[in-house]
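Please have the sequence and the structure open while I talk.

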Amino acid sequence: MIVELATIAACTGAQGLTTVEPSACLPQETDYTFMWWADGFRGRDAQGRWLRCVQTGRYALALDAVTAQIGHLGAVPDALPYPEAAAQDNGPVLRLPPADLDLTITVDGTTYRCVRAGPPTQHSGPRLIESGRLVQRADLTDLAFEDDRGNRLDVEARLEQIAWPDRLTLLLEARPGLEPLRAGNTFGRAGGGYGFDGTNDLEETPSADLQPEQLTLALGVYVPEGPPATRAYPWLVCANGNEWADGHYGLALINNVPTGFANIGGGRENAHQARAGEPLRGEQWHHLALTYDGADLRLYVDGEQRGSAHAGKARVPAGGGLTIGRRGDNSGDGYRFRGVLDAIRLYGHALTAEEVRALYSTPEAQPTEGLVREWGFDPDGAEFPTRPSADWRGASMELRLTAGEETLADRVALTADDPWTRETPRRVAVSLAPGLPATPAAANCTVEATSLPDSAACPVEYDAARDWFRVDLDGIEPVGSGNDVLERVKLTVANPEAEERAVRLLFDKSQSGFRVRGLAVPTGLVPMLRDADGDPTGIPVQISKNWHRQEDRELAYQGLWLHAFSLLRIPARSRVELEFTLAYAHWGGVASASHAQLCLIGWGSNQLWDESALGCWGESICFEPDQAQAECLICDVRPVMVHAMGRDEPVQWSWTNNVGGGDFFRYFDADGQRRFPRRMRTAYLSQGPNLTEVLYAGESDDGKLVHRVTVSLYRTDDIVRGVYRLRLDAREATGFSRFVVCQIGADTYSYTGERRMALGNEDGLVREWEAQWGGDTYRTEPLECVGRVPWVSLHEAVSRDAAKAGAWANRGLVIRRWEARLGGKPARPHIAEYGPKARGADTSVIDVVLPPGVTRLEPGDHVEATIEHLVLPQFARDYYGPNANLRAALAHSENTWRMVHREAVGNDLQVEVQEGALERLRPTLVRAAGGTRAAFAIAGGLGHAPVTISGLTSCRGPLLEQRSPDGVWRVVDDSVHGRDFWETGFDPASRTWRITYTLPLDSPNDGRVARDFRFTVAP
């Protein structure tokens, strides 16, 4: 139920409320959530269950994605802090008792009960909608409902779960399903049509009238949602065997895109095709027409020409027959069609564009001149614009959940005068805090939002089922221009109740709301909450987004949107004023860093995918912890501030070519079997805009190895640098046939290939060699990384697709830190070239491997390392960014190992702390002295470097100063829109803040310079 804000505002108002600081509304230590697959996306437990787990700081549940039953549900006592909870095993969830979830729909007096959920397919099954620190949102689609005798109800239903730290909502949504597709006479576009279910077809014997020299083949086609009947592409009509046969013509769907074929005679060299640009939309009628006039092949979709091909000579007819619903030669699986065809007509000449348009708009008044064959099927059959579905009257639906001694239920019952149609889905929902006292809803709270600086009201709605306030961001006018753009919203949240309330906020922007042009939105967007003065508060804001869409399908939650979630704990009888800020490509005039969950609904797979971005010009490094698609953790990788992909001319500030692939802890057992990760939890510690930190923690699927990696990206003006902090621990003796600690380029995912590789250290080159692609074997013996800051360069890269336009990139890695015990003794890192066939193409990757002779890991063996992943412009002409030192280095050393050596040495930072304590070198972390101050010196650095000061007792009025060469302390201020260059985080466990800067450390000619800084914050 949606309640307009105006309705509830009258019940409250701000009179008599105390205005509090944002620090009074901060999250509690238990305000976090995780969602993961207990046995990994590829695994099952001993009972064959596919368990999707949720754990928060208060409760946990495990939902069986096959049976749609809750196997475990209850409170979690003694919850760990957020980062530590990420490394927990499944025990806290799987030790909880089961719950009983009963989903029923009653139609015409018969009750149908949910018996299972739909299996995973490209676009359905168990889907992940949103995931992050504060809320986990997912659903099960294609729920099956059956009565006591096993009869199935035609229904489209899904079960959605929304898990906040202290509130779980289960929502059932259903509507009458479409009539099952059946073979033979069925509904049509002009009278009755003919259905094809992937097993049936129609065949016409050879006849001269089926072989006109010039022709028009026209038909109505209805493509249902769901998988096609063939692994290849389905044929609607096919004459004379196949495309390479003389005299062939026909219509097929290639990835649902209409394609017309004609072989005018003379073998495969004379086979021509005309292809439309867009796929057909599912569950509606389309009209296709293919014409050949003796010179040109033309394809029309819904009356408009969408494709053509020039042949330039008369077609030579053949003597074969014609098939409808499959390919003529029936090869392979038959290339069979699943759907409905109607009003198939063959003319002995090419209709004009006007005649085709008329045939589409009024099929019942088709031209008869030149008509040589017609398949009308059932003239008296039923006509439907979409596949028929039932209208239920007097129906009801109920969701009932029993957990322990508590039963919750929600029911909707419709009268005979209120039909339940496909156009009006119905919902029921229950909310609870499992095993805990009920969390009061925030319905009596108020949220007011106005855009800045124009003070225009932003619509706010309260969603009672999900207990959140949705703030509509579509009408916001951006502030600034180009890359330096912000959206700002003044936010007032009030709680008139006598007790604290958790106010859940959804800041929502749809496709129409993105008004900034020239950027690749929504990549790179960073939302945050600031106080009334513009200081970042450290209150977490979760980022979820999507831009994927299947034009031929109706999919809930597909399309272009940005969702930013936050949770405010508003004290009793109080109000707080905040500013919601949305940063685009820059923060403080420099490319910002972001890390967000990217929804894949509309793309496929529908599991957890994260994308990090430098700036707002496309993805920079993508991660898939469950390895559902590419079988590796690092997927797409793209350079920044080089010319755009797919364009022959230079284009700036856009998507660049993918040079991706990479992995961690790639483990093959003694039998050569790949052991995938399981129970992969993701902790979003920081999502930007200065420094991202996201933790992926899990174990091998045999339980022998425990691992985690924290990935980071930071604000800078030159290149993409992924910083990876790794930890591996062996629980028990583990034999292996191959083990990779870290991999740049992945066995199973790589869209690039470097022709040369090099190993070196701070002193320069140790060895350079020509890469040897492919073979699925190691191309070099393990090479020990000797000296300080060992590095590997992968250069002279080329695309696997020679037709790709736009700038390319080289890659590299630098081992910043390494401490390991392997095979029971201390060990240094080693690297080796491996030559996989990745997605059908030979390439090479670099593996960080174990020393020669180590063939198994012993209990207590471990690796702890910090590795930088570099994505480098190949040529000076490609880079258009502002960093002059990078441009000069490229002019001197482009496309060579020297660019990686420069990074290894130049960013070999030395940090000396005078006040406070150095807790981590990379990314640099300094604990403040007295909770308010720090002083430190940094030597070295390229571009910008992140520095975080932690343990702060306040986040108000931070002041960073740098000592100039003349000894004068000067304030560091990068602001463009005011107070927009630092980042603030809050640690609920210690109740302290951290503030992160990224400091420009370039110096003339890449010289090594020491700089002094001091920091204070208001107590």
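If we set aside its neighbours within four places in sequence, Phe145 in this predicted model is in contact with Leu103, Thr104, Ile105, Tyr112, Arg113 and Cys114, and also with Asn151, Arg152, Leu153, Val155, Ala157 and Leu172. Phe145 belongs to the largest nonpolar core, which has 207 residues, and it is listed there with Ile105, Leu143 and Phe739 as having the most contacts inside that core. The element that gives the most to this core is strand 60, residues 809-822, with seven residues. Apart from it lies another core, of 35 residues, including Leu215, Leu219, Leu280 and Leu322.

Now to helix 5, which spans residues 884-893 and in which Asn885, Leu886, Ala889, Leu890 and Ser893 are buried. Why do these residues lie on the same side of helix 5? Because they cover an arc of only 135° around the axis. In general, an α-helix has 3.6 residues a turn, so residues three or four places apart point the same way.

The cover over the buried residues of helix 5 includes strand 67, residues 862-873, and helix 6, residues 898-906, whereas the face turned away from that buried side carries the exposed residues Ala891 and His892.

As for the two ends, at the start of helix 5 a side-chain oxygen of Asn883 comes to within 3.2 Å of the backbone nitrogen of Asn885, and just after the helix Asn895 adopts a positive phi of about 60°.

Terms used. Residues numbered from 1 in each chain as written. Predicted model: local features only at pLDDT ≥ 70, side-chain atom pairs only at ≥ 80, totals over all residues. Heavy atoms only, no water. Core = buried A, V, L, I, M, F, W, Y, C linked by side-chain atoms within 4.5 Å. Buried < 20%, exposed > 50% of the residue type's maximum accessible area, 1.4 Å probe, protein only. Helix = DSSP H or I, 4+ residues; strand = E, 2+ residues; numbered from the N terminus. Contact = heavy atoms within 4.5 Å. Arc of directions from axis to C-beta. Polar contact = N/O pair within 3.5 Å; in protein donor to acceptor, adjacent residues only side chain to side chain.
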